[in-house]
Every structure is written in C-alpha cells, then in structure tokens.
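Colleague: Could you walk me through the features of this model, one kind at a time? I would like the general idea before each case.

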Amino acid sequence: MDHSTSSIAVEALQPDKPASNADHWDRLLIATIFAGMLGFAYAVFSSSLLQPIIWALQKQHWNALVLRPAVIWVAMGLLLLLLRTVLWLRYRPFHSVIEADAPRLSVIIPAYNEGMMVERSIASVASANYPRDRIEIIAVDDGSKDDTWNYIVRADLRFPDMVFPVRLSSNRGKRGALAEGFRRAMGDIIVTVDSDSIIEPDTLLAIAGPFRDPRVGAVAGKVAVLNRRANIISRMLHVRFILSFDFLRSAQSVFRTVYCCPGALTAYRTSVVRQVLPAWEQQTFLGVPCTFGEDRGMTNCILDAGYDTVYQRTAVVHTVVPETYTKLCKMYLRWDRSYIREEFRFARIVWKRPLVSRVLAIYECAITNLRFPIAYFSIGLLVLQVTRDPGTLPRMIFAIMIVSAFYMLYYLRSERSWDFVFGILYAFFSFFALTWIFPYAFLTVRARGWLTR
C-alpha cells in the first residue's frame with residue numbers, strides 16, 4: 001500500500017464524533033427523509049414525473065395493460081421504503097464484549113496473489129483490541145503464484161503464536177480456502193476477513209457481541225472502502241457500500257434476517273459452521289458446482305439451519321475495491337450471478353423463518369425482485385420515447401437526480417461528508433453504464449469463473 005492509501009486508512013479509522021453533538025442534525029435529516037418520501041409519493045402520483053413512460057404506453061396502446069400494475073408496484077415500493085426506513089431508525093448496534101469475557105476467536109484470512117496487502121490485513125487483526133491468548137489467525141495461501149506466501153511468513157514472524165500459516169499446493173478457490181480454515185479453526189467463533197481488507201481496532205470485540213444470543217448464527221460487519229480516494233469509481237463505490245450496509249442491512253437486522261453476511265467481514269458460530277460445512281462445500285446450481293458467492297451461500301445455509309443473521313454496525317472493515325470500469329463490471333457480474341442463484345434458494349428457506357421475519361422477508365424480496373422486469377421494461381419504453389421525443393431525456397435525467405439526491409439523505413445520516421455528491425453521480429453511472437450487467441448475469445448464471453482472480 002502506498003503512502004496515500006495508508007493515510008486513507010488512518011483517516012478512516014478515526015473515531016466518530018459523539019452522537020450527542022449531532023442530535024439536531026440527525027433529527028433534521030430524519031424529518032427531511034419523511035418529508036422527501038411524501039414529496040416523492042406526490043411527484044409519482046400527481047405530477048409529470050412518470051409522464052414520459054405514460055406517453056410511451058399510450059402511443060403503444062399498452063396503457064390499460066401496463067400502467068395500473070406499474071402504479072400498484074410503485075405504491076408497494078414506496079411502502080417498502082417506508083418500512084425499511086422505520087426499521088433502519090429502530091436499529092441499534094449490539095453491545096461489544098469486554099476483554100474479560102471475550103470468547104475464543106479463529107480469524108480466517110484466505111489469500112490468492114494478494115502480495116504485501118495480506119500482511120497488512122493480518123497485522124490489523126493481530127493488533128486489534130482483543131486478548132492475545134484468545135485469538136488465532138489462520139492465513140491460507142490458496143496456491144498463489146506471486147510472493148503472497150512470503151508476506152504470510154513475515155506476518156507469522158511478526159506475531160508469533162498468533163498466526164498459523166497454511167499453504168495449499170494448488171488453487172482451490174476462495175470457498176476451498178475458507179473450508180480449509182474452517183476445518184482447522186479451534187475458536188468458539190470464526191471470523192472471516194478478506195486479504196485486501198483492514199479491520200478497525202475494536203472490530204473483533206464488537207463482532208463477538210451478538211453471539212451472547214444463542215439464536216445468532218452469523219454476524220455481518222460494516223464494509224467501507226479503503227481506497228475511497230483513489231479515483232471517482234472508488235469514491236462512488238464507498239457511498240454505495242455505506243448505503244448497502246448502514247441502511248439495508250440495518251433494516252434487515254431488526255427482523256434478524258440479513259440476507260448476505262459479506263466475505264470481507266463476517267463472524268460465524270463455529271458449531272453452526274461445522275453443521276452446515278458439508279452442504280456448503282458441495283453446493284451446486286443447475287448441476288454446476290458453486291465456486292463464488294460463498295458468503296451468500298453460507299448465510300443461506302445458516303438461515304436454513306434455523307439460526308438468525310444480524311448486522312453489527314460497530315464492527316468495521318475497510319476493503320479495496322476496483323478502480324477501473326472493467327474490474328468493476330467483473331465484480332458485479334460475479335455478485336449478480338450469486339444473487340440470482342441464492343435468491344432461488346432463499347425462496348425455499350424463507351418459509352422456515354419465524355412469522356414476523358418470514359412476512360417481512362417475503363414482502364421485501366418480492367418487491368425487490370419485481371423491480372428487475374419492471375425496470376427493464378420501463379427503460380425500453382423510455383428509449384423508445386426518447387427516439388420519438390428527445391425532450392424526454394432531460395426529464396428522465398432530472399428524475400434520476402431527484403431520486404438519487406433523496407437517497408443521499410440516508411448516506412448523510414451515516415457520514416457527514418461531501419462525498420454524497422459521488423452517490424448522485426453513481427446513480428447516473430449505474431443507469432447508463434451498468435444496466436446491462438444483471439441481464440447478462442441472468443443469461444450466464446451457470447458460469448463458474450471468478451473473473452477477478
């Protein structure tokens with residue numbers, strides 16, 4: 001990591017200001033969010049915000065067939081947004097464990113061609129605020145072809161009796177490397193950390209806290225972007241990550257059904273991992289072994305076993321994200337393929353959840369997944385309308401700007417930063433440059449390639 005990236009990590013690890021100093025700002029943002037929600041509902045149902053789509057439907061004589069179901073879906077989507085917002089506001093982080101009561105931890109760090117970054121990742125775990133005699137770090141070199149093993153050995157020399165190096169003779173993929181670590185783990189709790197990620201000092205104490213509840217099987221940490229100031233792509237991704245974790249996973253955590261506990265930072269109850277490990281290792285989809293999406297796959301296994309999955313906002317990891325368009329597309333392709341696969345699987349698992357969790361999860365997943373056919377149909381209509389009336393394009397751009405600006409209110413409650421501007425830019429970038437990814441992922445869902453390894 002160069003000097004600039006190191007300074008980013010130091011900046012990112014600074015403690016937040018006391019919450020009491022932000023009470024007035026917090027109340028103002030919440031009030032603005034609800035006012036914006038009302039305004040958005042009015043704009044959708046009473047103004048010309050949807051007029052370009054309505055015109056296109058009328059010209060194609062599809063008005064009666066499509067418009068009424070679309071309005072119903074929009075209404076249900078607004079209700080989902082309201083529900084998520086209420087759950088998000090109700091969310092509270094779990095209490096961290098104190099060092100005297102800290103359980104035994106096994107931290108697994110799988111690495112493939114990671115170079116010197118893996119040593120920094122190991123060092124962040126070894127230097128964390130946690131009793132040294134209750135933590136083991138299992139660093140797994142997944143058949144790397146570069147000098148990754150040398151850096152793992154260096155970390156072992158720096159932190160003797162804490163680091164346990166494992167070198168696989170061939171590349172087994174991340175799922176295989178994690179499985180090797182799972183089998184070797186001796187702790188009561190297993191924590192997985194990506195080899196391109198750095199945890200904050202209090203993360204381990206925080207992520208162990210929820211396991212006081214015996215119903216908790218997995219805990220998702222908060223993922224921020226380590227190289228957030230590298231370029232405009234990483235800045236946009238940082239805002240997206242904050243929204244994904246601090247908004248969506250906070251809401252899901254309230255009904256104790258976080259759908260994906262991320263590979264960058266997740267903790268598992270070891271006894272539960274042992275229970276589901278064979279099924280997770282041998283997972284297939286449409287007759288093809290699953291090689292990626294191991295985090296969502298394990299989350300589904302744990303939910304299927306009857307345990308809860310929750311989110312711990314105070315357990316923070318900073319991870320490196322793609323800085324080029326090509327690498328970003330490959331990452332999203334991998335994520336979307338695993339999303340499609342695991343959504344089919346979750347549709348069966350969800351019926352095992354407690355009643356309230358089941359109802360909320362079914363409603364959220366139904367509305368969320370209906371957005372794909374509706375969104376792509378709407379995009380097709382808009383393209384058709386733009387070819388006939390170029391004046392539609394500015395109205396569409398204005399609508400994207402308004403909706404994205406509204407969502408930035410959620411980001412500003414998590415981070416008081418001018419980076420919210422990059423969240424608005426991401427909305428345009430996603431619409432014009434990333435829309436093609438999900439349909440392509442759906443058509444190639446059986447593909448096995450990692451793409452970025």
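This is a predicted model: local features need pLDDT of at least 70, side-chain atom pairs count only at pLDDT 80 or more; totals for chains, interfaces and linings use all residues.

Colleague: Let's start with burial. Which residues of H5 are buried?

Modeller: Buried means under 20% relative accessible area, exposed over 50%, and partly exposed in between (1.4 Å probe, protein chains only). Helices (H or I, at least four residues) and strands (E, at least two) are DSSP runs, numbered from the N terminus. In H5 the buried residues are Met117, Val118, Glu119, Ser121, Ile122, Ala123, Ser124, Val125 and Ala126. That is nine of the 10 residues in 117-126, so helix H5 is largely enclosed by the rest of the structure.

Colleague: How many salt bridges does a search of the whole structure find?

Modeller: The idea is a side-chain nitrogen of Lys or Arg within 4 Å of a carboxyl oxygen of Asp or Glu. The search finds 26. One of them joins the side chains of Arg184 and Glu180 at 2.9 Å, N to O. Both residues lie in helix H7 (residues 173-184), four residues apart, about one turn of the helix. Arg184 is partly exposed at 43% relative accessible area, whereas Glu180 is buried at 13%.

Colleague: Which parts does the salt bridge of Arg228 with Asp419 tie together?

Modeller: In that salt bridge, the closest N and O atoms are 2.7 Å apart. Arg228 sits in the loop between strand E6 (216-225) and helix H9 (232-254), and Asp419 in the loop between helix H14 (392-414) and helix H15 (420-434), so the pair ties together parts 191 residues apart in sequence. Arg228 is buried at 10% relative accessibility, and Asp419 is buried with a relative accessible area of 5%.
Another salt bridge, 2.5 Å from N to O, brings together the side chains of Asp304 and Lys352. Here Asp304 belongs to helix H11 (residues 294-304) and Lys352 to the loop between helix H12 (325-349) and helix H13 (355-388), 48 residues apart.

Colleague: Now helix packing. At what angle do H13 and H14 pack?

Modeller: Two packed helices are described by the angle between their axes and the distance between the axes. Axes are lines fitted to C-alpha atoms, for helices over the stretch in contact, and angles run from 0 to 180 degrees between N-to-C directions. For H13 and H14 the angle is about 140°, and the axes are 8 Å apart. Angles under 35 degrees count as roughly parallel, over 145 as roughly antiparallel, 65 to 115 as roughly perpendicular and the rest as oblique; H13 and H14 are therefore oblique to each other. Contact means heavy atoms within 4.5 Å, and Leu382, Gln385 and Val386 in H13 meet Thr392, Leu393 and Met396 in H14.

Colleague: And how many aromatic pairs does the structure hold?

Modeller: Rings of Phe, Tyr and Trp (its six-membered ring) pair if their centres lie within 6.5 Å; planes under 30 degrees apart count as stacked, over 60 as edge-to-face and the rest as tilted. The structure holds 20 such pairs. Phe372 and Phe438 are stacked, 3.8 Å centre to centre with 5° between the planes. Phe372 lies in helix H13 and Phe438 in helix H16 (residues 437-443), so this pair ties together parts 66 residues apart in sequence.

Conventions:
Residues are numbered from 1 along each chain as its sequence is written. Side-chain values use heavy atoms; hydrogens and water are left out.
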